[in-house]
Amino acid sequence: MDGSQAVYNTLKQSKINFVVSLPCVNLDKLMKMVEADEDIIHIPVTREEEGFGICAGAFMGGKNPAILMQNSGLGNSVNALASLFELYKLPILMIISHRGTDGEFMSAQIPMGNATPKVLDALQIPYFNPKTPDDALKLIPKAWNMAVINGIPVGILLSIKFW
């Protein structure tokens with residue numbers, strides 16, 4: 001099983017039924033799987049904070065939301081995560097393509113790749129780093145459960161080596 005299939009399977013297992021996404025080459029196959037699934041509402045967006053706002057509304061409307069995004073957009077999302085999700089205790093599963101990690105070919109991705117865990121730590125957002133598809137199968141349902149029980153965002157950082 002490849003990484004995309006493992007993540008998709010865990011979204012289904014976790015009963016995620018509302019997904020927003022932003023373009024990312026690493027997430028492309030997963031986005032296509034989500035788009036083809038009639039049980040998941042999939043909304044492509046152009047800005048991360050827009051996606052977080054839509055997911056907040058979806059949760060309030062009874063959906064189980066996730067966002068598929070690249071870590072480069074995490075900086076764009078700080079206010080939405082702190083002022084909306086933290087304040088109102090809203091759960092969301094953040095599937096994050098962690099660019100700028102070991103093996104990155106594009107040097108412009110490296111600074112944010114290094115900053116990503118620090119940004120999540122500063123926001124007190126827990127996150128997991130599955131190294132393999134088997135890790136993802138175990139950690140993603142755990143992450144969603146943590147998000148729901150505690151009313152918090154939880155991140156899944158998927159490095160280049162995961163894909």
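## Ground rules

Because this is a predicted model, local features need a pLDDT of at least 70 and side-chain atom pairs count only at pLDDT 80 or more, while totals for chains, interfaces and linings use all residues. Residues are numbered from 1 along each chain as its sequence is written, and side-chain values use heavy atoms, with hydrogens and water left out.

Helices (H or I, at least four residues) and strands (E, at least two) are DSSP runs, numbered from the N terminus. Two strands pair if DSSP finds at least two bridges between them.

## Around strand 1

Strand 1 covers residues 18–21: Phe18 and Val20 point one way, Val19 and Ser21 point the other way, and all are buried. Here, buried means under 20% relative accessible area, exposed means over 50%, and partly exposed is in between (1.4 Å probe, protein chains only).

On to the neighbours. Strand 1 pairs with strand 2 in the parallel sense over four bridges, and Phe18 has Ile41 in strand 2 as its bridge partner. To get from strand 1 to strand 2, the chain goes through helix 2 (residues 28–36), and this β-α-β crossover is right-handed. That term applies if, with the strands pointing away from the viewer, the path from the first strand over the helix to the second runs clockwise. Strand 1 also pairs in the parallel sense with strand 3 (residues 65–70), over four bridges, and there Val20 stands opposite Ile67.

Strand 4 (residues 92–98) and strand 6 (residues 153–159) make a parallel pair with seven bridges. His98 has Ser159 in strand 6 as its bridge partner.

## Two loop residues

Lys15 isn't a glycine, yet has a positive phi of about 65 degrees. Lys15 sits in the loop between helix 1 (3–13) and strand 1, and is exposed at 59% relative accessible area.

Gln124 isn't a glycine either, and has a positive phi of about 55 degrees. Its loop runs between helix 5 and strand 5, and Gln124 is exposed, at 70% relative accessibility.
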